[in-house]
Amino acid sequence: MSTTSKPYGIIAEFMTSADVLHAAEKVRKAGFRRWDVFTPFPVHGMDRAMGIKNSKVGWFSFIGGVTGYTTGMLMIWWMNAFDYRIVIGGKPMFSPYAAFPPSYELTILFGAFGAIGGMLFLNRLPRLHHPLLKHKRFGLATHDRFFIVIETDDPKYSETETRKLLEATGSKRIEMVEA
Amino acid sequence: MSEATPKIKLPVPPPELERKPLVANNRSFAWISDRVAAITEGKAPLWWWAAFIPSFLCLCMLGAMLIYQISTGVGVWGNMHPVMWGWDIINFVWWIGIGHAGTLISAILFLLRQRWRTGVNRAAEAMTIFAVMCAGIYPAMHVGRVWYDWYLFPIPTPLGLWPQFRSPLMWDVFAVSTYFTVSVLFWYVGLLPDLATMRDRAKTRIKQFLYGLFALGWTGSNRHWTNYEKAYLILAGLATPLVLSVHSIVSLDFAVSQLPGWHTTIFPPYFVAGAVYSGFGMVLTLLVPLRKMCKLEDIITMRHVDVMCKVTLATGSIVGYAYAMEYFIAWYSGNPYERWTFWHRLFGTYWYGGLAMLLFNAAIPQLFWIKWFRQNLKAVFIISIFVNVGMWFERFVIVVGSLYQDFLPANWGYYKPTWVDICTFLGTFGLFFTCFLLFMRVLPMIAVSEVKGVTPQADPHNPLAKADGGQH
């Protein structure tokens with residue numbers, strides 16, 4: 001089999017969130033690694049069914065927040081108390097109290113950048129080309145259908161067995177996705 | 001102890017205590033995306049043009065007013081000693097306050113797991129962004145020499161000077177610009193899955209390209225959803241302290257000064273409550289007609305209207321309490337200047353402002369205690385207008401009412417706006433409504449994926465999930 005004509009994966013369509021949840025449990029138990037579930041909204045309990053661990057986005061946001069607060073405090077100290085000192089109303093050149101509100105806002109700003117940047121990075125987005133987006137039924141994944149896709153790159157993938165497994169989960173429509 | 005444990009009988013709640021579903025008439029997933037996308041598809045209805053053309057003309061007027069103001073000077077406004085802050089700051093605070101309801105709905109209600117927010121959050125967040133845009137115009141213009149606005153940001157200048165961070169006005173710059181940025185990002189993150197929905201149903205090449213570009217390749221993968229939901233939760237957790245800080249810092253613009261009527265510690269919570277209150281007024285003003293015009297009655301149900309009225313009532317009561325407390329402190333302080341200011345709020349030159357503020361903000365929303373007023377859409381709409389007007393007068397009373405009679409009679413004066421003030425304010429409505437009307441024709445004005453997620457058939461453990469997805 002030449003690699004150019006190798007399909008991307010096998011796609012199974014489901015009508016309801018309950019069906020896809022139970023199917024996902026079976027696919028995970030079968031030991032697949034390179035597979036995914038596609039739903040129009042996050043299905044409650046799907047992370048556990050797929051065995052996905054807690055997301056790491058929080059760390060990105062935390063690092064962003066710490067960076068923001070430090071940047072704010074250092075910037076204000078440097079600007080008002082070091083680089084160009086001006087006495088204003090007898091107030092101290094630098095006070096953590098006056099510097100707090102802008103630093104607080106920068107904490108939130110950089111924390112938000114971290115959360116969004118982290119989410120996009122972990123999801124490998126933006127990605128403007130994906131084999132699934134060319135599949136003609138797949139557009140329904142953002143409408144009202146639920147899909148399970150097992151990639152042909154998965155070590156456990158086999159043309160006949162994987163299809164049988166998906167049929168056993170109750171999917172009525174199973175197709176191959178071109179790479 | 002493996003004896004058979006006695007079976008616990010759960011009492012079945014009576015039908016009148018059952019919660020009404022968030023999406024009425026048991027609509028299917030497909031119906032939700034079709035219904036919401038239909039607002040953007042096809043020709044614009046007549047009412048849309050009837051609203052858009054005057055809004056756009058007002059926007060043009062705003063442009064003309066700003067050009068006139070920039071080319072001539074701030075003197076074209078009515079700001080005059082002793083009232084150096086006039087309609088510009090009133091309108092700035094008013095618009096910023098309106099924005100707060102959007103963030104409250106999108107962030108705070110998300111953290112409180114108020115699932116009804118999904119029906120209204122997208123439109124409310126859009127309202128926030130456009131309201132902050134309107135607000136931002138005022139301080140930027142009020143500096144007079146607009147071409148020096150960039151001095152507000154910590155950018156090196158030829159003079160070597162830096163912004164002065166000991167001033168609350170500088171804190172305000174950071175608060176408002178962070179608020180705008182985070183609101184836009186939060187809104188955009190919420191839009192991602194819906195942009196993918198729009199991409200997948202787009203018919204024309206240009207729509208497919210543009211929605212596809214902004215959807216960033218979203219596929220609805222569950223491995224993506226898990227990171228997405230975490231990021232959304234964190235953004236909600238960040239936007240909550242943000243929205244509380246923004247109006248607190250806006251209030252510090254006043255409270256850090258030593259002027260009677262401004263110099264009070266109650267200002268931050270009082271301003272935040274007032275902001276949320278006025279914002280809910282604007283949400284109701286917008287959504288009560290729109291749910292009918294866009295046939296969204298099954299998504300923005302009467303239950304949604306009812307709870308929003310209750311939030312208005314709650315925040316309006318907090319505002320009323322703050323008014324009472326201000327008066328009490330003014331009397332209890334024994335400070336003659338403080339007492340003078342507060343006496344003249346109700347019995348001075350601008351008595352009508354004080355009266356409007358008390359009547360519209362503290363008294364009229366109390367009608368929402370009565371169910372009939374929460375269920376009657378005309379009543380809700382009219383009260384929401386009162387809320388908007390009342391909160392404008394509150395800011396008028398605070399800004400002008402405290403400035404026009406200073407400590408010395410030599411500093412007393414009378415403030416009145418010029419035609420430029422009035423036309424600029426009308427123009428910001430043009431900006432707001434133009435943006436909002438364009439938004440609802442281009443982007444899904446209901447958070448489609450989130451609404452799908454709160455339907456009963458979305459829960460895989462609900463018996464309805466096994467049935468074939470509701471009625472069509």
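1. A salt bridge here is a side-chain nitrogen of Lys or Arg within 4 Å of a carboxyl oxygen of Asp or Glu. By that rule, a search of the whole structure gives 19 salt bridges over all chains. The model is predicted, so local features need pLDDT of at least 70 and side-chain atom pairs count only at pLDDT 80 or more, while totals for chains, interfaces and linings use all residues. Residues are numbered from 1 along each chain as its sequence is written, chains are lettered from A and ligands numbered from 1 in the order in which they are written, and side-chain values use heavy atoms, with hydrogens and water left out.

2. Within chain A, D153(A) forms a salt bridge with K6(A), with the closest N and O atoms 2.7 Å apart. D153(A) lies in the loop between strand 3 (146-151) and helix 6 (161-168) of chain A, and K6(A) in the segment before strand 1 (9-14), so the pair ties together parts that are 147 residues apart in sequence. Helices (H or I, at least four residues) and strands (E, at least two) are DSSP runs, numbered from the N terminus.

3. On the interface, 68 residues of chain A are in contact (heavy atoms within 4.5 Å) with 64 residues of chain B. The area buried between the two chains is about 5700 Å², and carbon and sulfur atoms give 67% of that area. Buried area is the accessible area (1.4 Å probe) that two parts lose on being put together, summed over both. F41(A), E105(A) and T142(A) supply 11% of the area that chain A buries against chain B, more than any other three residues.

4. Which residues form the one salt bridge found across the interface of chain A and chain B? R223(B) pairs with D36(A), the closest N and O atoms being 4.0 Å apart.

5. Between chain A and chain B, 29 residue pairs are in polar contact, both residues at pLDDT 80 or more. A polar contact is a pair of N or O atoms within 3.5 Å; within protein, one must be able to donate a hydrogen and the other to accept it, and residues adjacent in sequence count only if both atoms are side-chain atoms. On the side of chain A that touches chain B, the elements giving two or more residues are helix 1 (17-29), strand 2 (35-38), helix 2 (46-50), helix 3 (57-83) and helix 4 (96-122) of chain A. Helix 4 of chain A gives the largest share, 16 residues.

6. In chain B, helix 9 (residues 302-333) and helix 11 (residues 351-363) pack at an angle of about 140 degrees, with their axes 8 Å apart. G316(B), V319(B), G320(B) and Y323(B) in helix 9 meet M357(B), L358(B), N361(B) and A362(B) in helix 11. Axes are lines fitted to C-alpha atoms, for helices over the stretch in contact, and angles run from 0 to 180 degrees between N-to-C directions.

7. Backbone details. L125(A) and P126(A) are joined by a cis peptide bond, omega about -5 degrees, and P126(A) sits in the loop between helix 4 and helix 5 (131-134) of chain A. R124(A), in the loop between helix 4 and helix 5 of chain A, has phi near 55 degrees, a positive value in a residue other than glycine. In chain B, the peptide bond from H81(B) to P82(B) is cis, with omega near 5 degrees.
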